[in-house]
Amino acid sequence: MPDATEPGSYFVANYPPFSRWNAGAVPEVLAAFDAPPTTAAIGLYLHVPFCRKRCKFCYFRVYTDVAAADVERYSQALSAEAALVAARPAVAGRPFRYVYFGGGTPSFLSVKQLERLVDGLHASVGWDAAEEVTFECEPGTLSEPKVRALRALGMTRISLGVENFSDDVLEANGRAHLSAEILRAWEWIQAAGFPSTNVDLIAGMVGETFESWQQTVERTLDLGADSVTIYQMELPFNTVFVRDALDGGDGVPVADWPTKRAWVDWAFDRFLAAGYAISSGYTLVRDPQRVQFRYRDMLWEGSDLVALGVASFGHLSGLHYQNATHWDDYLGAVEAGRLPVARGLEPTRRELLIRETVLGLKRGRLDVSRLREKFGIDPLEEWAAEWRALEASGDLLGVEPDPVLTRQGLLRVDELLPRFFAR
Ligand code: SF4
């Protein structure tokens, strides 16, 4: 990886890479829905693809300036899709262990729209047994009644997309909210009594300096969230920043990777000094005994994930899949009573081992005995040369009994993971 933050994406979200997923695998995915389930845990992900404004670094499938009638139509499609999947043998009757409302901006929906959506979903799926129901929020979309409604609708974990506290930085990156909205929203969130609260930050946004980053970290500490997630700014190709740069010929002024790592390193130290513990290369938690990441942990350990919504990613009975990525294709399929699966992949057993190895390493310590038991392969032997190289480069503390990354390794974990990929 070059030091400069060049266009491209280094973040490893899944394995095998999305580039290998294909439409030819759709019949296998549909067959998996119609087959009996495995014994894996199961979760539910709902994609709400609306945003007030497109952030300049965003590469997700999101829609802005959407008419209320389209929001309503989409919500009804989510409920209809939930009914379609809930009737399939692989899903029917299985209690969801976790639920995640992501986007986009789920909090873009009004109280009435949210209530109608949850009512519609509950006609076929419930989450009474869920250990965690996460709801992502953009500060400027919240109101006190909406925050109270979210708690009443069963959300247990609120994740607030703060990203930065400097209004100049927020504006330069095209965020829709400003810092005053963060503080106002936080008061309502605290008053509503969610069992768990998370704040998202991004280190190295355009216009960031070490001073503005320090202030962002200090002000985040003042919030006292149960967990804090820190991403390092990337410049995926399909973003306003990169498109503008390619049109205009100038680079995007984002701090280089060593600088961003140094900033996150500094933030980790500040959070540790304030009593937080490191929970992965991106997360800090205030009380590890109480605050869990059920969505992350179960998903990374191979749970099923039923994906609802346009462009949503799911995993069922060992197969990866993604829903139709365009509005008309997604709605057309669901409204015609069809599952909107558009591509998929059936990984080999070894590829699933690689997936759980690389995702597990993002937590900083690999649970070798779990993988050995599940896959009948010893990751220590399988990647003996890779572990040795990581130890020699100072990215790994050691491998006994489990491989443990150093802070340096943890802060650049996504850069280290491709060495485990199949060649
Ligand atoms: S709020 Fe999130 S999903 Fe929406 S445009 Fe910004 S980064 Fe993308």
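I started at Ile230 and, skipping its neighbours within four places in sequence, found it in contact with Leu201, Ala203, Val264, Ala267 and Tyr282; contact here asks for C-beta atoms, placed from the backbone, within 7 Å.

A note on the source: this is a predicted model, where local features need pLDDT of at least 70, side-chain atom pairs count only at pLDDT 80 or more, and totals for chains, interfaces and linings use all residues. Residues are numbered from 1 along each chain as its sequence is written.

Next I looked up where Ile230 sits: strand β6 (residues 227–232). Strands are DSSP runs of E, at least two residues, and helices are runs of H or I, at least four, numbered from the N terminus. Ile230 counts as buried because 23 C-beta neighbours lie inside 10 Å; the cut-off for buried is 20 or more other C-beta atoms within 10 Å. I also checked Thr283, which is 53 residues from Ile230 in sequence, yet 6.3 Å away C-alpha to C-alpha.

Then the domains. The assignment gives domain 1 (18–299) and domain 2 (349–423), with bounds from an automatic or database domain assignment. I noted 27 Å between their C-alpha centres. Six residues of domain 1 and eight of domain 2 make the contact. Helix α9 (residues 257–273) supplies three residues, the largest share of the domain 1 side.

Last, the ligand. Among the residues around it I listed Cys51, Arg54, Cys55, Cys58 and Glu138; being near means a C-beta atom, placed from the backbone, within 6 Å.

Key:
Two residues are in contact if their C-beta atoms, placed from the backbone, lie within 7 Å. A residue is buried if 20 or more other C-beta atoms lie within 10 Å of its own, exposed if 12 or fewer, and partly exposed in between; C-beta atoms are placed from the backbone.
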